[in-house]
Amino acid sequence: MEEILTIGVLTTITLVFLYLEFFKFRYDFCGISAVRLGAKDIALFLFVVFATVYISFFTLGLIKKYFVNISEYPFLHVLISQIFYIFGMLLFVRLTSSKVEFSESYVSKFKAILWGAYYTLSIAAMFLLALAWKYLITYISGAEPEQQETVGIIGSASGVVNISLAVFSVVFLAPITEEMFFRGLLYRIFKAYINPVIAAILTAILFSMSHANLLASLPLFVFSIVFCLAYERSGSIVTPIILHSTFNALNLLLVISK
């Protein structure tokens, strides 16, 4: 009974917060500009995506063959891929005929900082939802939810090098890579063709699917919505990156401390 009450309280608090935020967002979604791509831009975008994936795998193959055994450093391949993905997105922004700026100054720096601080506090609500979801899954199934593959790798990491690679990848590179792609590009591309609220929801669905963990899909979906809200209100991609980085850092500390 206590577990059900805990789930209900945590979920209610989180849903009230999200409802109030999303309700206001309906009337305040014209901040960050949409990115409308022409046929050449779409072809360039797809080319850069596939080329980046191919080059990252090719580079990993060379490293494995001539330098180190990648299996000894499970986060090395993730880190290298993230670096190439960031480079690929910056290259696309540079070459596309559509004007793309990841940050736009339609609010003052002071107001942007205030919004950033406000949404940083919202991480508490996101943790509440993640905790409620874990309680619910455990209560229904009678077992702990399956961990994401990345979490499992972090938990089994040992040695200064592996832990350092994990921290750098999860806390710094992953937020930059994912926010540039999902919020900085994908969300804004969707926004050019459909209602911004639907664009945020569609981006959130793809974001949660990209982590390939069904049990974590609901919290990840909600996180993505909050990151879109933070991006729109602050006008800076730095805001969702900081939120994402903070959330990942807290999760990393929980995993390493176990």
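A nonpolar surface patch is formed by Tyr193, Ile194, Ile198, Leu202, Ile205, Leu206 and Met209, which together have about 590 Å² of accessible area. Patches join residues with over 30% relative accessible area and no salt bridge, like charges within 9 Å and nonpolar side chains (Val, Leu, Ile, Met, Phe, Trp, Tyr) within 5 Å; areas come from the Shrake-Rupley method with a 1.4 Å probe, and for residues only the protein chains shown count as cover. Leu206 lies in helix α8 (residues 196-210); helices are DSSP runs of H or I, at least four residues, numbered from the N terminus.

The model is predicted, with local features requiring pLDDT of at least 70 and side-chain atom pairs pLDDT 80 or more, while totals for chains, interfaces and linings use all residues. Residues are numbered from 1 along each chain as its sequence is written, and side-chain values use heavy atoms, without hydrogens and water. Mean pLDDT (the predictor's confidence in each residue, from 0 to 100) is 78 for the protein chain.

The whole structure contains 2 salt bridges, defined by a side-chain nitrogen of Lys or Arg within 4 Å of a carboxyl oxygen of Asp or Glu. In one, the closest N and O atoms of Arg183 and Glu179 are 2.7 Å apart. Both residues lie in helix α7 (residues 160-191), 4 residues apart, and both are buried (under 20% relative accessible area; exposed is over 50%, partly exposed in between; 1.4 Å probe, protein chains only). The side chains of Lys191 and Glu232 form a salt bridge at 2.6 Å, N to O. This pair links helix α7 to helix α9 (residues 217-234) across 41 residues.

Note on methods:
Helix = DSSP H or I, 4+ residues; strand = E, 2+ residues; numbered from the N terminus.
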